[in-house]
Amino acid sequence: MEIIQIVGLGLVTTVLVLIIKEQKPMFAFLLTAFTGITIFLFLIGKISGVIGVLEELANKANINLIFLKTILKIIGIAYIAEFGAQIVRDAGQEAMASKIELSGKVLIMVMAIPIVSAIIETVVKLLPA
């Protein structure tokens with residue numbers, strides 16, 4: 001029941017942040033950021049397990065691993081950009097959070113080009129000449 005540990009850590013951190021925020025706002029932000037990073041690092045092990053299963057399934061289905069790895073990178077960019085934007089937003093920097101989100105979207109679009117190209121090529125081959 002890892003979710004209970006994560007929620008418990010989040011609740012304890014929230015109470016501490018509310019207590020500390022009026023006296024030392026910088027420490028409150030650092031505590032929030034540290035807890036967020038700790039939760040993220042805790043989840044990396046779970047994510048690597050999911051990636052292993054997906055790669056195994058792709059091998060069994062004879063799916064090109066380049067496409068799977070690209071999709072996983074796209075998902076990773078989305079999660080990391082969202083995580084970074086939330087931390088920056090917690091610090092009160094809404095404009096910078098928006099820039100991080102925009103950067104993530106642009107990088108996702110760049111990463112998706114090979115997949116979109118492969119889909120278009122497949123559709124063109126299926127169409128009668």
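Colleague: By class, how many nonpolar, polar and charged residues does the lining of the second largest pocket have?

Modeller: Bear in mind that this is a predicted model. The lining is made up of Val17, Leu18, Lys21, Pro25, Ala28, Phe29, Thr32, Asp90 and Ala91. Lys and Asp count as charged, and by class the lining has 6 nonpolar, 1 polar and 2 charged residues.

Colleague: Which element gives the most to the lining of that second largest pocket?

Modeller: The pocket has a volume of about 190 Å³. Two elements, α1 and α2, each give two or more residues to its lining. With 4 residues, the one that gives the most is α2.

Colleague: And the largest pocket: which element supplies the largest share of its lining?

Modeller: That pocket holds about 680 Å³ of space and is lined by 26 residues, with Phe40, Leu43, Ile47, Tyr79 and Phe83 nearest its centre. The elements giving two or more residues to the lining are α1 (2-20), α2 and α3. The largest share is 12 residues, and it comes from α2.

Colleague: How do the residues of that lining divide into nonpolar, polar and charged?

Modeller: Phe, Leu, Ile and Tyr count as nonpolar, and those are the types found nearest the centre, as Phe40, Leu43, Ile47, Tyr79 and Phe83. For the lining of the largest pocket, the division is 16 nonpolar, 8 polar and 2 charged.

Colleague: On to the helices. Are α1 and α2 roughly parallel or antiparallel to each other?

Modeller: Two packed helices are described by the angle between their axes and the distance between the axes. Here α1 and α2 pack at about 170°, and their axes are 9 Å apart. Angles over 145 degrees count as roughly antiparallel, so the relation of α1 to α2 is roughly antiparallel.

Colleague: Which residues of α1 meet α2, and how does that contact divide by class?

Modeller: On the α2 side, the partners are Pro25, Phe27, Ala28, Leu31, Thr32, Thr35, Thr38, Ile39, Phe42, Leu43 and Lys46. From α1 come Glu2, Gln5, Ile6, Leu9, Thr13, Leu16, Val17 and Ile20. The residues of this contact divide into 12 nonpolar, 5 polar and 2 charged.

Colleague: What about α2 and α3: how are they arranged, and how do the residues of their contact divide?

Modeller: The axes of α2 (residues 25-60) and α3 (residues 65-90) come within 12 Å and cross at roughly 170°, which means α2 is roughly antiparallel to α3. The contact includes Phe29, Ile37 and Phe40 of α2, along with Leu68, Leu72 and Phe83 of α3. By class, the residues divide into 13 nonpolar, 3 polar and 3 charged.

Key. Residues numbered from 1 in each chain as written. Predicted model: local features only at pLDDT ≥ 70, side-chain atom pairs only at ≥ 80, totals over all residues. Heavy atoms only, no water. Axes fitted to C-alpha atoms, helices over the stretch in contact; angles between N-to-C directions. Parallel < 35°, antiparallel > 145°, perpendicular 65-115°, else oblique. Contact = heavy atoms within 4.5 Å. 1 Å grid on protein atoms, 1.4 Å probe; cavity = no way out; pocket = protein on both sides within 12 Å on 5 of 7 lines; lining within 4 Å. Points joined across faces, edges and corners; volume = space filled by probe spheres on them.
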